[in-house]
Amino acid sequence: MRWEPILAAPLVFISTASWGNVYFSTEQAQQAMFPGAKFTQVGLALTQEQRDALRTRSGVYEPFQENRAWAVEGHGFFVIDQVVGKHEMITYAVGINRDGSVKQVEILEYRETYGYEIRDPAWRKQFVGKTAASPVKLNKDITNIAGATLSSKHLTDGVRRVLALYDMVLKGLPSVGR
């Protein structure tokens with residue numbers, strides 16, 4: 001049988017099609033974490049030194065988008081960030097209490113075909129109460145999920161980056177989030 005490349009073309013498109021789910025919009029995640037609270041977007045302008053420090057402290061190399069942090073009146077902060085799972089981006093949100101501890105972590109968008117187990121509330125609950133002083137390291141104070149190792153590791157690194165952002169920048173903002 002002679003091979004016909006034109007017949008194989010649909011298979012290429014099918015095999016590379018992306019898959020993913022959107023679980024929360026920004027507003028839905030904000031209300032899930034801080035019901036009824038008032039959110040004020042924080043204008044961040046990180047210096048190159050701060051960006052380098054975030055990268056060093058977290059191990060996350062994807063750029064942090066500075067327009068994704070909000071002060072939550074009377075509660076703390078709400079930050080949206082992204083990390084790579086295995087091949088695709090994971091968009092997640094971290095709620096930070098006034099004392100700098102993690103209130104909650106939510107997955108907003110997950111595009112990978114595997115590793116979705118990081119959405120398990122019991123697994124994400126491990127982050128609650130962690131601070132910038134906590135290790136927040138996979139297999140140290142955060143347990144791995146077999147079959148979702150890269151997503152588990154990268155989300156853990158991402159939460160550590162958000163905590164480092166709080167420690168370096170957010171907690172020093174005047175009269176924001178207090």
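Guide: A salt bridge is a side-chain nitrogen of Lys or Arg that lies within 4 Å of a carboxyl oxygen of Asp or Glu, and a search of the whole structure finds ten of them. This is a predicted model, in which local features need pLDDT of at least 70, side-chain atom pairs count only at pLDDT 80 or more, and totals for chains, interfaces and linings use all residues.

Visitor: What makes the pair of Glu66 and Arg51 a salt bridge?

Guide: The closest N and O atoms of Glu66 and Arg51 are 2.2 Å apart, and because the limit is 4 Å, the pair qualifies. The two residues link distant parts of the chain, for they are 15 residues apart, with Arg51 in helix 3 (48-58) and Glu66 in the loop between helix 3 and strand 3. Helices and strands are DSSP runs numbered from the N terminus, a helix being H or I over at least four residues and a strand being E over at least two.

Visitor: Why is Glu66 called buried, and what is Arg51 called?

Guide: Buried means under 20% relative accessible area, exposed means over 50%, and partly exposed is in between, with a 1.4 Å probe and protein chains only. Glu66 has a relative accessible area of 18% and therefore counts as buried, whereas Arg51, at 26%, counts as partly exposed.

Visitor: How do you know that Asp167 and Lys171 form a salt bridge?

Guide: Their closest N and O atoms are 2.9 Å apart, which is within the 4 Å limit. Asp167 is partly exposed at 27% relative accessibility, and Lys171 is partly exposed as well, with 37%. Salt bridges that share partners join Arg57, Asp167 and Lys171 into one network.

Visitor: What makes strand 5 and strand 6 a pair?

Guide: Two strands pair if DSSP finds at least two bridges between them, and strand 5 and strand 6 have seven, in the antiparallel sense.

Visitor: How do you know that the span of helix 5 is close to the expected one?

Guide: The expected span is 1.5 Å times one less than the number of residues, and for the 20 residues of helix 5 the distance from first to last C-alpha is 28 Å, close to the 28 Å expected. Helix 5 is also mostly covered, since 14 of its 20 residues are buried.

Visitor: Why is Leu163 called buried, and what is in contact with Leu163?

Guide: Leu163, which is found in helix 5, has a relative accessible area of 2% and so counts as buried. Contact means heavy atoms within 4.5 Å, and, leaving aside neighbours within four places in sequence, the contacts of Leu163 are Gly100, Val102, Lys130, Thr131, Ala132 and Val136. Thr131 stands 32 residues away in sequence, yet 6.3 Å away in space, C-alpha to C-alpha.

Visitor: What makes a group of residues a nonpolar core?

Guide: A nonpolar core is a set of buried Ala, Val, Leu, Ile, Met, Phe, Trp, Tyr and Cys residues joined through side-chain atoms within 4.5 Å. The largest one here has 36 residues, with Val159 and Leu165 making the most contacts inside it, and helix 5 gives the most to this core, seven residues. A second, separate core of twelve residues includes Phe24, Ala37, Ile80 and Leu108.

How values were computed: Residues are numbered from 1 along each chain as its sequence is written. Side-chain values use heavy atoms; hydrogens and water are left out.
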